[in-house]
Every structure is written in structure tokens, then in C-alpha cells.
Amino acid sequence: MEVGELVRLAASGEQSAWESLVERYEGLLWGVTRSHRLDAASASDVVQTTWLKLLEHVDDLRNPEALGGWLATTARNECLRVLRHQARTIPTEDDRIPQDSMPSNLDAQLLTQERDAALWRAFATLSSRCQALLRMLASDPAPSYDEVSAALDMPVGSIGPTRGRCLATLRRAVAGTRITSTPPGSYN
């Protein structure tokens, strides 16, 4: 079913239309929140707030066919609002997350953590634009280039070439480390 028709049905209160919209665009919203590096709770709040804003404004949409761009832009603006608010707060010891129980295969987990940490360090050397783009494109399901364009304020025609340059830069950064795809001694 076309997006515009789903939006019209959702506006009239059709539950299955809302479910279809959520299924179609939830990955995009999570991709936007990941591109802004929000913690899990904040990301969840942004996704929920974006859906709530759609519910409040579903009748006001000028172009229901462009819902993906509207959702991406709304989520991006909400992420920026959350980040501005978080910059004003100072975490305390009460904000610590409790440690998980000890894993059964500690060595493999430690090696995986070291590999992941090295990869994230290499990822952190990328420009913020590259980081945001790669985070969005890694979401599942991957958003369309139109949705990425709206979320990152980037021309559609530059998404592919920019992605290629970002991945090449990441490969060069990883090449200088001893990152392997699986830790020694693990069997995936």
C-alpha cells in the first residue's frame, strides 16, 4: 500500500495503518537516533516522541507521500533538543548502570570487547558527518537515500560517494590496528 494512503487511513483511526507505518519507518527513526549517539533511553524517548508528534499532526501533513522525510526531520530535531538538554545536566553516581553477571566465556568476551573498542576508536577518528552517515546507513532496515538526505541535510547525490570515502577512511584507520573480525579462539 502506498504511504499516502496509509497516512490517510491512520488519520482516520485505522489501527492496521498505524502498525504498517511503524513497521515501515521504525528502523529509520532508530537510525536517526544512533547517528546522534544518544544513549538507549534517550533514543527510545526520541522515537516515541516522534511517533507522538506524528499522531498530533497527521491531519496537518501537506505531503503524506513524503512521510519518511517528515519523520526523519522530526526525529533529528528531537535528538538535537535532547542533546541540548543533556549538555545542561551533570551525571551523578546514582546514574551508573549495574554490572551484568560474569559471562561464562570471559576470555572471548574480553577479546571481543577489545576488538569492538579498537573499532570504535577508529570510528571516532572519522568526521562527525561520516559518523552520522554510517550510523544511519547501518540501521535495519536501511533508510532510503531521500530519508537520509532529510535526516542529515545532505544532497541525495552525495550520499553514495560520501559513504564510499567514509568507509575508505575507516578501513585505513582500522588497518593501523590489530582488529580481526573474530577474536582468536572463538567460533562463530
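This is a predicted model: local features need pLDDT of at least 70, side-chain atom pairs count only at pLDDT 80 or more; totals for chains, interfaces and linings use all residues.
Me: How many of the residues count as buried, and what supplies the exposed area?

Reply: Of the 188 residues in the protein chain, 35% count as buried. The chain exposes about 12,000 Å², and carbon and sulfur atoms supply 52% of that area. As for contacts with a separation of 6 or more, 63% are accounted for by residues 24 or more positions apart.

Me: How is the packing of helix 7 and helix 8 to be read?

Reply: In general, two packed helices are described by the angle between their axes and by the distance between the axes. Here, helix 7 (residues 145-152) and helix 8 (residues 156-175) pack at an angle of about 90°, and their axes are 9 Å apart. Helix 7 is therefore roughly perpendicular to helix 8.

Me: Which residues make this contact, and of what class are they?

Reply: Helix 7 contributes Tyr-145, Asp-146, Val-148 and Ser-149, while helix 8 contributes Val-156, Ile-159, Gly-160 and Arg-163. By class, the contact has four nonpolar, two polar and two charged residues.

Me: How many salt bridges are there?

Reply: The general idea is that side chains of opposite charge can pair when their charged atoms come close. In this model the count comes to four salt bridges. One of them joins the side chains of Arg-8 and Glu-5, at 3.7 Å from N to O. These two residues are three residues apart in helix 1 (residues 3-11), so about one helical turn separates them. Arg-8 counts as partly exposed, at 46% relative accessibility, and Glu-5 is partly exposed as well, with a relative accessible area of 34%.

Me: Is Glu-78, which meets Arg-81 in a salt bridge, buried or exposed?

Reply: Glu-78 counts as buried, at 5% relative accessibility, because buried means under 20% relative accessible area. The side chains of Glu-78 and Arg-81 meet at 2.5 Å, N to O. Both residues lie in helix 4 (residues 67-87), three residues apart, about one turn of the helix.

Me: Which residues are linked with this pair in a network?

Reply: Lys-53, Glu-78 and Arg-81 are linked in a network of salt bridges.

Me: What does Asp-116 pair with?

Reply: Asp-116 forms a salt bridge with Arg-115, and their closest N and O atoms are 2.9 Å apart. Asp-116 is partly exposed, with a relative accessible area of 30%.

Definitions and conventions. Residues are numbered from 1 along each chain as its sequence is written. Side-chain values use heavy atoms; hydrogens and water are left out. Axes are lines fitted to C-alpha atoms, for helices over the stretch in contact, and angles run from 0 to 180 degrees between N-to-C directions. Helices (H or I, at least four residues) and strands (E, at least two) are DSSP runs, numbered from the N terminus. Angles under 35 degrees count as roughly parallel, over 145 as roughly antiparallel, 65 to 115 as roughly perpendicular and the rest as oblique. Contact means heavy atoms within 4.5 Å. Ala, Val, Leu, Ile, Met, Phe, Trp, Tyr, Cys and Pro count as nonpolar, Asp, Glu, Lys and Arg as charged, and the others, Gly among them, as polar. Buried means under 20% relative accessible area, exposed over 50%, partly exposed in between (1.4 Å probe, protein chains only). Accessible areas come from the Shrake-Rupley method with a 1.4 Å probe; for residues, only the protein chains shown count as cover.
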